[in-house]
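Hi everyone, thanks for making time for this. Let me put the model up on the screen, and then I'll walk you through a few parts of it.

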Amino acid sequence: MTQIAANPARGARDAISHAARRKPSAVLMEFGLLLAAVLSILITAGIVYVLFSEAVPFFRVVSLWEFFTDSQWTPLFDDKHFGILPLVCGTMTTTGIALIVALPLGTIIAIWLSDFARPGLRETVKPILELLSAVPTVVFGYFAIQFVSPALGRVIPDLPLFNVLAAGVVMGIMIVPYISSLSEDAMRAVPMLLREGSYGMGANRFTTAIRVVFPASLSGVGAAYTLAISRAVGETMIVAIAAGMQPTLTIDPTSQAQTVTAYIVQVSMGDLPHGSLEYQTIFAAGLTLFVMTLGFNLLSVALRRRFRQVY
Amino acid sequence: MRPIDHTIRRGILVDRAFSIIGWASLIFCLSMLGLLLYSLLSDGASRLSWDFLTSFPSRRAAAAGAKSALVGSLLVMLITACTAIPLGIAAGVYLEEYARKNWFTSLIEVNIANLAAVPSIIYGLMALGLLVYQFHLGQSILTGGITLAFLILPIVIVATREALRAIPQHMREAAFALGASRWQVVRDHLLPYSTGGIATGVIIALSRAVGETAPLVTIGAISYIAFLPPVPFSERPWLPATNAQRAVARAAQADPLPAGLGTGVSPLRAGTIEVRVRPSDGGGAAVSTTLAFDPSMSIEDLRAAFDSVPGLAASLTPSGYLALAADSGSEFRLAGDTAGLTRALGLNEGGGLHGPVEWAWSPFTVLPIQMFNWLSTPDEAFAKNAAAAGLLLMAVTLGMNGAAIFVRARMRRRIKW
């Protein structure tokens with residue numbers, strides 16, 4: 001304290017450092033904010049905990065071998081079979097059809113928006129297109145079963161009302177904006193220099209877009225694709241409404257099929273007792289779904305990170 | 001070698017062709033949106049009326065309405081907004097303004113990116129296992145609201161971070177240079193400047209939550225709700241003779257009663273329950289009888305005990321439900337339930353006042369679930385109701401997205417750094 005008098009400058013510095021020292025309320029505030037951020041980890045932990053704690057008792061009764069090799073899924077019947085393959089197959093078929101619709105459409109629209117459309121038009125079109133992904137999925141389900149399926153039935157004879165094709169096509173339309181928006185962002189991030197170089201060599205717009213811009217944005221486009229796949233795999237209401245409720249091991253798009261998600265909905269609509277094996281099946285199915293989407297998500301994150309580092 | 005003008009002409013042709021293909025793809029997608037709206041309108045517009053908005057669901061398609069679904073959606077959204085907005089903004093502020101660059105922060109970041117892409121039905125499974133069965137929140141508005149809040153939390157966090165990142169660094173430095181603490185900078189500068197961006201993200205996140213169906217189906221939201229959640233501090237009616245349905249226990253087929261009977265949520269304990277019976281004309285005092293209950297009693301023992309109360313008749317319905325009814329000319333209520341009987345059996349207590357937040361524990365349905373329910377009814381007449389519900393949903397979600405676009409556009413015009 002005596003030094004304050006001896007050295008006024010030092011005293012002023014002390015006073016400032018005292019004022020700047022963090023008050024307990026500020027520390028508390030930061031801690032509160034940290035807790036909110038940590039909550040996201042707790043949510044993930046909660047998901048993993050619930051899926052495993054309910055699926056482990058299930059796998060004590062049903063072996064993993066049976067789960068992955070049995071070709072029938074009939075946990076709610078008297079003759080019980082626990083083969084997840086028909087459900088996974090249903091998910092893969094609907095996802096496949098959705099991708100056949102969405103990948104070309106989404107990519108073409110992305111290229112067109114980034115390299116062909118005028119900026120004003122692009123700024124108008126993008127939000128309107130994104131409205132497609134804002135439509136509630138249950139409304140898309142309505143569209144699939146009330147409009148698309150009957151319309152397809154007029155073209156394809158003997159098409160049942162519930163079919164994989166209608167569900168897949170509508171799901172594809174739903175995920176177009178995911179692909180087009182994210183891919184377009186990636187393509188716009190490609191430096192103008194590359195385009196100008198290409199134009200300078202005498203290339204036209206299309207060649208530039210396909211040979212220069214698209215390859216340069218490939219990891220970003222890849223991230224968009226994987227995100228779209230993971231959306232399609234996890235999509236629930238469209239397939240629960242329009243694809244039917246019959247687990248069948250088939251890739252025929254004109255037949256009925258049940259997806260992993262649709263099965264969970266089917267069981268949830270009924271009233272199964274908590275703790276029964278049938279109840280646990282939805283968590284085993286959920287775990288399968290979680291692992292499938294997690295793989296795609298991590299791939300997407302890795303791709304996006306690489307793409308950020310390029311320029 | 002081909003002449004150069006030929007190559008150029010070919011290039012221009014290819015460009016034009018692709019431009020047409022691009023237009024065609026875009027128009028195809030937008031026409032699908034148009035067709036979707038058209039099919040909803042052509043089926044559902046005739047059902048949209050004041051009666052549709054103010055009627056409960058019904059077994060007759062023409063009389064059914066979306067009242068309980070609308071109220072349910074509104075209340076679930078209230079809980080979702082109150083949970084997700086503060087938590088999401090707080091997490092976003094922490095990650096953008098406070099967090100140091102270390103492994104823990106990047107773990108949180110990867111985790112949020114991953115959560116954003118977890119299928120919504122997985123959130124439903126998590127809520128079913130954790131909120132419903134571990135935390136005993138029941139299949140209630142509260143559970144539904146929290147589930148959807150978890151679901152949209154990543155969207156709010158990402159929107160907050162992007163809005164904060166758009167503020168130039170020199171704004172922070174100027175405030176720090178004047179001696180502001182970090183929290184003062186956040187509170188007085190960063191949050192006010194980023195309000196528009198955060199609001200845009202919050203509106204889009206909430207519009208996604210309004211349309212979510214799968215997670216709420218998974219936690220067991222009921223699709224046929226013909227009552228509204230209780231208004232705070234309103235008086236519960238006593239249970240009359242003519243309305244025995246209101247006192248019907250949910251499920252009691254097992255014998256002896258297992259713990260967690262009925263909804264499978266509330267455990268039964270040894271305890272007492274008081275039955276008060278009074279004349280329904282309002283004159284005359286209530287007669288009170290106390291019944292002792294222990295969890296080993298069978299449903300038949302329970303029926304006999306209630307039946308022994310003067311003025312009260314107890315019976316088992318063919319499907320094993322316990323139904324209580326007062327004798328004609330009188331009404332009754334249950335009170336002092338230390339056995340957890342009313343919750344475990346879903347018995348209506350009657351009488352007394354509703355608590356301030358009792359509505360949050362009420363069973364519920366929401367608009368998308370009501371629509372799904374009508375859509376999965378084989379009767380084609382219900383499809384019109386589904387279309388009408390779809391129109392309401394589309395009006396809400398598209399309206400919210402329009403609002404978000406509007407807010408974003410205004411913000412862009414106003415703010416210049």
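Let's start where the two chains meet: 12 residue pairs are in polar contact between chain A and chain B, both residues at pLDDT 80 or more. A polar contact here is a pair of N or O atoms within 3.5 Å; within protein, one must be able to donate a hydrogen and the other to accept it, and residues adjacent in sequence count only if both atoms are side-chain atoms. On the side of chain A that touches chain B, helix α3 (residues 24-61) of chain A gives the most, with 17 residues. Helices (H or I, at least four residues) and strands (E, at least two) are DSSP runs, numbered from the N terminus. Sorted by class, that side of chain A has 52 nonpolar, 15 polar and four charged residues. Nonpolar covers Ala, Val, Leu, Ile, Met, Phe, Trp, Tyr, Cys and Pro, charged covers Asp, Glu, Lys and Arg, and the others, Gly among them, are polar.

Before I go on, a word on the ground rules. This is a predicted model, in which local features need pLDDT of at least 70, side-chain atom pairs count only at pLDDT 80 or more, and totals for chains, interfaces and linings use all residues. Residues are numbered from 1 along each chain as its sequence is written, chains are lettered from A and ligands numbered from 1 in the order in which they are written, and side-chain values use heavy atoms, with hydrogens and water left out.

Back to the meeting of the chains. With contact meaning heavy atoms within 4.5 Å, 71 residues from chain A and 75 residues from chain B take part. Together the chains bury about 6,800 Å², and 80% of that is on carbon and sulfur atoms. Buried area is the accessible area (1.4 Å probe) that two parts lose on being put together, summed over both. Leu33(A), Trp112(A) and Tyr142(A) supply 10% of the area that chain A buries against chain B, more than any other three residues.

How many salt bridges are there between chain A and chain B? The count is one, and it joins the side chains of Glu30(A) and Arg100(B) at 4.0 Å, N to O. A salt bridge is a side-chain nitrogen of Lys or Arg within 4 Å of a carboxyl oxygen of Asp or Glu.

Over all chains, the search finds 18 salt bridges. One of them pairs Arg195(A) with Asp115(A) at 2.7 Å. Arg195(A) lies in helix α9 (residues 192-200) of chain A and Asp115(A) in helix α5 (residues 85-115) of chain A, so the pair ties together parts 80 residues apart in sequence. Buried means under 20% relative accessible area, exposed over 50%, and partly exposed in between (1.4 Å probe, protein chains only). Arg195(A) is buried at 4%, and Asp115(A) is buried at 6%.

Chain B has its own pairs. Arg9(B) and Asp5(B) form a salt bridge at 3.4 Å; both lie in helix α1 (residues 4-44) of chain B, four residues apart, about one turn of the helix. Arg9(B) is exposed at 51%.

Finally, which residues of α12(B) are buried? They are Leu367(B), Pro368(B), Ile369(B), Gln370(B), Met371(B), Phe372(B), Trp374(B) and Leu375(B). Because eight of its nine residues are buried, helix α12 (residues 367-375) of chain B is largely enclosed by the rest of the structure.
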